[in-house]
Amino acid sequence: MLAVTDAPAAVAWYRRALGAVELWSLGSVAGLEIAGAPFFVGEPARNRWESPTELGTTSARVEVFCDDPDA
């Protein structure tokens with residue numbers, strides 16, 4: 001998940017600049033896909049990570065999804 005300060009603006013940029021497809025949106029968090037590769041953008045909100053604006057560098061959070069996590 002890429003940290004952004006404005007998720008709707010980031011979604012619009014990824015759609016316009018890279019042809020991303022919006023899969024879903026909850027406003028401050030959205031799922032997108034580029035060439036079959038899904039990714040997320042989200043606004044940090046006191047959830048133990050910060051935006052690039054606050055940090056002065058890029059920021060991301062890794063989330064792994066799988067069909068059988070116990071395997």
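Predicted model: local features only at pLDDT ≥ 70, side-chain atom pairs only at ≥ 80, totals over all residues.
How much accessible surface does the chain have, and what share of it belongs to carbon and sulfur atoms? The accessible surface comes to about 5,100 Å², and 53% of that belongs to carbon and sulfur atoms, where accessible areas come from the Shrake-Rupley method with a 1.4 Å probe and, for residues, only the protein chains shown count as cover.

Residues are numbered from 1 along each chain as its sequence is written, and side-chain values use heavy atoms, with hydrogens and water left out.

Let me begin with the overall layout. The chain has two helices and four strands, which follow the pattern β-α-β-β-β-α when read along the sequence; here helices (H or I, at least four residues) and strands (E, at least two) are DSSP runs, numbered from the N terminus. Along its principal axes the C-alpha trace spans about 40 × 30 × 20 Å. Of the 71 residues in the chain, 25% are buried, and I use buried for under 20% relative accessible area, exposed for over 50%, and partly exposed for what lies in between, with a 1.4 Å probe and protein chains only. Among the contacts with a separation of 6 or more, 40% are accounted for by residues 24 or more positions apart, contact meaning heavy atoms within 4.5 Å.

Now to helix 1, residues 7-18, whose 12 residues should span 16 Å at 1.5 Å a residue, and whose end C-alpha atoms are 16 Å apart, in agreement with that figure; the expected span is 1.5 Å times one less than the number of residues. In this helix A7, A10, V11 and Y14 are buried. Because they cover an arc of only 100 degrees around the axis, they lie on the same side of helix 1, the arc being that of the directions from the helix axis to the C-beta atoms. What covers the buried residues of helix 1 includes strand 1 (2-3), strand 2, strand 3 (29-34) and strand 4 (37-42).

Strand 4 also contains G42, which counts as buried because its relative accessibility is 0%. The C-alpha atoms of G42 and M1 are separated by 6.5 Å, although the two residues are 41 apart along the chain. Not counting residues up to four places away in sequence, G42 touches M1, L2, A3, V4, S28, V29 and W49.

Leaving aside neighbours within four places in sequence, the contacts of W49 include M1, L2, A3, S59, A60 and R61.

Turning to charged side chains, which residues form a salt bridge with a closest N to O distance of 3.7 Å? The partners are E22 and R15, with a salt bridge defined as a side-chain nitrogen of Lys or Arg within 4 Å of a carboxyl oxygen of Asp or Glu. E22 is partly exposed, with a relative accessible area of 33%, and R15 is partly exposed as well, at 46%.

Finally, V21 lies in strand 2 (residues 21-25) and is partly exposed, at 45% relative accessibility. Together with L23, W24 and L26, V21 forms a nonpolar surface patch of about 400 Å² of accessible area; patches are made of residues with over 30% relative accessible area and no salt bridge, like charges being joined within 9 Å and nonpolar side chains (Val, Leu, Ile, Met, Phe, Trp, Tyr) within 5 Å.
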